[in-house]
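This report covers the pockets of one protein model and a helix that helps to line one of them. Please look through the sequence and the structure before reading on.

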Amino acid sequence: MKQYIVDAFTDCVFSGNPAAVCVLNNWLDAKQMQNIAIENNLSETAFTVKEKDGYRLRWFTPGGEIDFCGHATLATAYVLFHFYQTSSSAIHFHTQIGTLTVQKKGDLYEMDFPTYQCHPIAITNAMEKAIGAKPMEAYLDRDLLLVLENASTVKALQPNQMLLKELDGLGVIVTAKGKQYDCVSRVFAPKLGVPEDPVTGSSHCMIVPYWCKKLRKQEIIAYQASKRSGVLYAKQKNDRILIAGKAVLFAVSDILPENINTLSSEGTI
């Protein structure tokens, strides 16, 4: 079985967010896919199978399957456009959250994603202790979004991973207004076994609506300030978000058939 490693939201290797992509003829069982994700030890491993009108897509972190992942969607689209659907300009992915369409536009891959809501919540001492800074605003949907005073504070954070786990939300986003870019963010997901996600497409479905409203813009350029870092080009479109980014192939490998056969639903690798 072919496996591709793609760095998403970047145009050079060793930056952006790496995702593993497995293109399957038929589905493995969930335990097999989970074990592969654990073995890869990347923030996400994507699995996709061709269907009549597109591809079915699923995402696994080392900590379990999730309903939505942006950078691994970009990585999967990159693989399909380059190796499987070379004459296509658009690919439709069927996922737990509905159909996601990715269009190839030059060296950018533009993804049509749903918008998360920014439900305001009270700022707590637990938030401040967990991230090591006092938020100015706090919002909750799938993730917890904490708005900080400036980009320097975002970049300097050294959060307490155990305390982050106790906060609401699947992931914890910290963000502030940028200078070179419209906004600067970081994303932590220790509940999924990911201390810090390098560049997170799905969390920008919450970041982008916030900053578009705050800055009174329909389009923004977002920077995720992890050690690897990455850039996202985003547009607000009614109740959808268009997020575009670049990607680059790092590696192509084979998962050996005998290893696939050992990944039974009863055990681990």
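Predicted model: local features only at pLDDT ≥ 70, side-chain atom pairs only at ≥ 80, totals over all residues.

Helix 6 itself covers residues 204–215. Its 12 residues reach 15 Å from the first C-alpha to the last, close to the 16 Å expected at 1.5 Å a residue. Of those 12 residues, 9 are buried, so helix 6 is largely enclosed by the rest of the structure. A residue counts as buried when its relative accessible area is under 20%. The buried residues are H204, C205, M206, I207, V208, P209, Y210, W211 and C212.

Helix 6 also contributes to the largest pocket, giving the most to the lining with 5 residues. Strand 10 (137–140) is another element that supplies at least two lining residues. The lining has 13 residues in total, and C118, P209, Y210, K213 and K214 lie nearest the pocket centre. Among these, P209 and Y210 are also buried residues of helix 6.

The second largest pocket is lined by N150, A151, S152, K155, K177, G178, K179, Q180, Y181, V184 and Y223. Here the largest share comes from helix 4 (residues 151–156), which supplies 3 residues.

| Pocket | Volume | Lining by class |
|---|---|---|
| Largest pocket | about 280 Å³ | 6 nonpolar, 4 polar and 3 charged residues |
| Second largest pocket | about 190 Å³ | 4 nonpolar, 4 polar and 3 charged residues |

Notes. Residues numbered from 1 in each chain as written. Heavy atoms only, no water. 1 Å grid on protein atoms, 1.4 Å probe; cavity = no way out; pocket = protein on both sides within 12 Å on 5 of 7 lines; lining within 4 Å. Points joined across faces, edges and corners; volume = space filled by probe spheres on them. Helix = DSSP H or I, 4+ residues; strand = E, 2+ residues; numbered from the N terminus. Nonpolar A, V, L, I, M, F, W, Y, C, P; charged D, E, K, R; others polar. Expected span 1.5 Å × (residues − 1). Buried < 20%, exposed > 50% of the residue type's maximum accessible area, 1.4 Å probe, protein only.
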